[in-house]
Amino acid sequence: MDVMVLVPVLAMLGVAFVRFDCAKGRGLACGAAVVVVFAAFLGVRAMVPDEALFFASEAARKVRGQIRLFQKAGQGGGVLLLTGSSVATHACDSRQLQKLLRENGAGTRVVQLSAQGANHFERTFLMEAFFRGLGPGARDALLAENVRHLDEVFNAYDKDPLYLMDREQYRARAKVYLSPDYALAAWRAWRAGRAPAESFREELRASLPVASMLADRMLQNRFGVGAFSDMNLRLLDKRADAFFPLEGSKGGFDYRATADAFRGDLAGRPEKSVPAVPGWRTARDFRKARTGAWIDSEAWVGFPAIEPHRRAWQESFAGVVGGIIGPPSGGEMEAFLDAGNWYDGVHPTGRGAELSTKWLARELLREFGVRQ
Amino acid sequence: MIFNSLAFLCFALVVVPTFWALRSDRWRHPLLFAANFVFYGWWDWRFTGLLLGVVVMSWGCGLWVAGSPAGGRRRAALLWSCAFQLAVLGYFKYTDFFIASVRSAFAGFGVELGWTTLNIILPAGVSFYIFQAISYLASVSAGSIPVERNFLRLGVYLGFFPHLVAGPIIRAHQFLPQLASARVFDTALFWEGCRKFVLGFLYKTVFADNLAAAINPIWAAPNGRSGAEVFGAVLGFYGQIYFDFAGYSLMAIGAANWLGYTIPENFRFPYLAASVVDFWRRWHISLSLWLRDYLYIPLGGNRLGEARRFANLMATMLLGGLWHGASWNFVLWGGLHGAALSVNHIWSTRRERAGTRPPSVAGKWAGVAAAWVLTQAFVMACWVPFRAESFGDSVVIFQALAAFFIGNGGSAAGFPWMLAVVPILADTFLVSRSESTRGAVIRKPVLGALLLALAVLTAFLFMRGELVPFIYFQF
């Protein structure tokens, strides 16, 4: 907290000391004055990138951290952009991955743009913010190289494009990326991803909360609500890492039962169900429209998970979409089957993340070997 | 619905222009009556029935009281009417508290009663509109206002949306006459309403909510915190509760002004007070006056001797504490203030009797400064049981504060000291002067609109995105 607190204090003093003596009502002129001020604000706002205005947000700090690492990693060799949610955040140590790739002859630099609870729109935003943040020179140099995008496959986010947005902490941060076009795309993806309602009333009951939530976040985005709420200019330079190793295990998580269920599932899986992913497709189309010009190729990754339904989704997803790395085969999963590797059925601990990163490095090297 | 929400903006944009577009109260009152229920029902529509029930009960009881012959029968009618109102309040607010207290008291003697609490949801603002209903009935009984035979008008008064859920508690004689005369659009009042609303919006969304975000984690788990952190949390709450409640009151007054009504002020810079008596003349004025007129004075006030006066003060403040919430912490808070008010009165009386010669100017200022520091330190300390989650947490916090003041407080890295100190000082010592200073007078409405729009945009940038409920909603 620093001198920025003086700005609202001055506003308070300004409003407190002013007295109105306006005998005649000039409603139209006053309304026009308010509209002009708000329009001018919105005009200036439109020129400021979201990550610059919301400089203290987790997304902005993460992007700054990755830009810094990227700049330190030198040039050439191509770039791998990894996006995802908490699974990628806890399962992939991007520095270790980059080191492993380099040690094995692939000079690819790894940019880790995953974030806890990040849905597909937030991931798209993080990618955009990364490219914007590089600046024109570095961006052009990067685009001259081979840019690969690797996105996490996870049933919850793939089925529901607005997954977790009903929780306060995720809803609160959505204002950072829900600009009008993002909000519209999120609305379309949500609509595409759900079964049609039986009646107009049902439709209204389901869509009204989502529409109002998106509209509210979109307005907050445009008016920069909360952009300076930390009142701390030192956060302008604050960076956050994208990989967080977990320790211990989640309360209530029963490793043995989950591992037994996983083994049983591997032994006799019923026929794969084909996932319906219209919401995901809409979100993907939006991402391609926003970042397609910067990306040379895209692929998906199904990180190791021991909850059977997560893995089932990854396998089914591979059947529908293709181009997916993982999930690890039954044999490969043996190395992961240890209580010390799992925080819960889907998030590895730091030790599990090391294994997971090594597995991903092997898969990528194989992939690059085929494609390079 | 809360004032700092998009829903309220839409609500106000419909209600206020429609109100003024309607030519007479014949249509305006039904509009306000309906608007009150929409405003209240937005939070939980089931409780609109409760509000309607209280209005019906108050209307019927008012007719009963007015129709009873003056004297004992009217008094009995009033007492029964108040008892009905208090029964509603007691059921929703104190049933679970009573069950839990009796159960734990018996458990202390090793007797398990096996009673379970009913998990009754407390309807927002029930304490406020019940108190207003009682003030209406008492005024009718005393003959200071005529009984309101128009059901709709009484409903508008009791449920008037600007002050419905967190006050100020408006007396019937302050508001019903306003409803009896047709409102005429007053540009100056409208602008004053806008100014107050924006000032309250800044108080609440920027200062109170940002302080809440900084201090809530400390209050939630005070164990193991450094003395400096705990002191920061106490100082932060000292500012937060003021900005939160004074901000709400300003917004309520402003919203009423938009419709051409006036509501009395609820705060008069309480952190300027140099005595506890003065503090209660400045803090939550509508409640202080209500407690004085409907509890302290009926109990005998200061008319029955010193000892009875202090007993009345204690009883009033203990019940005032309990009004804030069904918790022993609030009772303790009220008791501390009751004791301090008694000490304050004894001190003043003795000084007057002693007739000491007037001090020098420097001595007078030093005395005022010392009294101010002492009063505000006391007020701040009393906020600890008010805010703490439990009595045990209060003890932990006082221990940490003691460590802080003996120089063993550790550090509070990252605590927003500027936010905790600068706005409250600016408000107490600068904004308080705005009432006596002429200030900048704006005669061109367009300039006023520009200024307020800029202030709102500043609030947007500095406020938190998520809605933080007003503290007094829980009361």
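**A tour of chains A and B**

What you have open is a predicted model, in which local features need pLDDT of at least 70 and side-chain atom pairs count only at pLDDT 80 or more, while totals for chains, interfaces and linings use all residues. Residues are numbered from 1 along each chain as its sequence is written, and chains are lettered from A and ligands numbered from 1 in the order in which they are written.

Stay with this pair and pick out Leu82(A), which stands opposite Gln112(A) in E3(A). On one side of E3(A) you will find Arg109(A) and Val111(A), and on the other Val110(A) and Gln112(A), and these residues are all buried, so that both faces are covered; a residue is called buried if 20 or more other C-beta atoms, placed from the backbone, lie within 10 Å of its own, exposed if 12 or fewer do, and partly exposed in between.

Now widen the selection to the open sheet of five strands in chain A, whose order is E3-E2-E4-E5-E6 and whose pairing is parallel. Its edge strands, which each pair on one side only, are E3 (109-112) and E6 (324-325) of chain A. Within the sheet, strand E4 (residues 147-152) of chain A pairs with strand E5 (residues 297-301) of chain A over five bridges, and Leu150(A) stands opposite Ala299(A) in E5(A).

The peptide bond from Gly326(A) to Pro327(A) is cis, with omega near -5°. Most residues other than glycine have a negative phi, and most peptide bonds are trans.

Two further loops deserve a look. Leu164(A), in the loop between helix H8 (155-159) and H9 of chain A, has a positive phi of about 75° although it is not a glycine, and this residue is partly exposed, with 19 other C-beta atoms within 10 Å. In chain B, select His284(B) between helix H10 (276-282) and helix H11 (285-296); its phi is also positive, near 45°, but His284(B) is buried because 22 other C-beta atoms lie within 10 Å.

Then show both chains: 44 residues of chain A are in contact with 46 residues of chain B, where contact means that two C-beta atoms, placed from the backbone, lie within 7 Å. The largest share of the side of chain A that touches chain B, 11 residues, comes from H1(A). Across this boundary, E1(A) and strand E1 (residues 440-442) of chain B run parallel and are joined by three bridges, with Phe20(A) having Ile442(B) as its bridge partner.

Finish in chain B with helix H6 (residues 151-159), where the buried residues include Leu154(B), Val156(B) and Leu158(B). Among the elements that cover the buried residues of H6(B) are helix H2 (25-41) and helix H3 (48-67) of chain B.

Conventions. Pairing = 2+ DSSP bridges. Helix = DSSP H or I, 4+ residues; strand = E, 2+ residues; numbered from the N terminus.
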